[in-house]
Amino acid sequence: MPLPAPFVSHVMEMEKDWIDYNGHLNMAYYHVIFDRGSEAALDLLSLGAEYARDRRLTLYTAEVHLCYVRELLLGDKVTVTFQVLDYDEKRLRTYQEIHHVDGWLAATAETLSLHVDMNGPKVAPFPEDVMEKLQATAATHAALPVPERAGRAIGIKRRKG
């Protein structure tokens, strides 16, 4: 069964220890929120903690591009969306957004993950049953618009003249 398009996490609240000396969510905890937001989606794709424990296969993050859009403060509540953008036999490319419960966008993350056999560890193909779930989810998520922030590169735009 494919993930909903997009998958939406449970509601999470900003914790006191996550707030930095500037009074807002420390940049490291955006990664924590994205990670927690993806856990249920990965479980539904059979790629979560149980998969790692029982099959000794898992995902390793190879690259993340995170964009901070609007600061989060103590007590703010958010959800995280999860969208499959692409995959192949050994890699998974996903896109996530953190949304405040009031609806506004706080941050985005695009991630490239590698499928790893923990016995190596080495990059390995997804098993057939997981590939079927990825294929079904990717087909469902293909109906979503391509996120505006997906595929961005970091750079400094120079003014001419």
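A pocket here is an open set of points on a 1 Å grid over the protein atoms alone, where a 1.4 Å probe fits and protein lies on both sides within 12 Å along at least five of seven lines; its lining residues have an atom within 4 Å of a point. The structure is a predicted model, in which local features need pLDDT of at least 70 and side-chain atom pairs count only at pLDDT 80 or more, while totals for chains, interfaces and linings use all residues. Residues are numbered from 1 along each chain as its sequence is written, and side-chain values use heavy atoms, with hydrogens and water left out.

Start with the largest pocket. Its lining is made up of 22 residues, and D35, S38, L42, T61 and S113 sit nearest the centre. Two or more lining residues come from each of α1 (27-44), α2 (49-55), β3 (57-68), β5 (91-100) and β6 (105-117). These labels follow DSSP runs numbered from the N terminus, with helices (H or I) of at least four residues and strands (E) of at least two. The space inside comes to about 470 Å³, a volume being what is filled by probe spheres set on the grid points, which are joined across faces, edges and corners. Sorted by class, the lining holds 10 nonpolar, nine polar and three charged residues. In this scheme Ala, Val, Leu, Ile, Met, Phe, Trp, Tyr, Cys and Pro are nonpolar, Asp, Glu, Lys and Arg are charged, and the others, Gly among them, are polar.

The second largest pocket has a volume of about 160 Å³. Around it are E63, V64, H65, R93, E110, T111, L112, G151 and R152, and the elements giving two or more residues to this lining are β3 and β6.

Now for the strands, which count as paired if DSSP finds at least two bridges between them. Strand β4 (residues 77-87) turns up in several pairings. With β1 (residues 7-8), β4 runs antiparallel through two bridges, and V8 faces T81 of β4. Strand β2 (residues 12-13) is likewise antiparallel to β4, again with two bridges; in this case E13 lies opposite K77 of β4. Nine bridges hold β4 and β5 together in the antiparallel sense, with T79 having H99 in β5 as its bridge partner. Three residues separate β4 from β5, and the two strands form a hairpin. Strand β5 also belongs to the elements that give two or more residues to the lining of the largest pocket.
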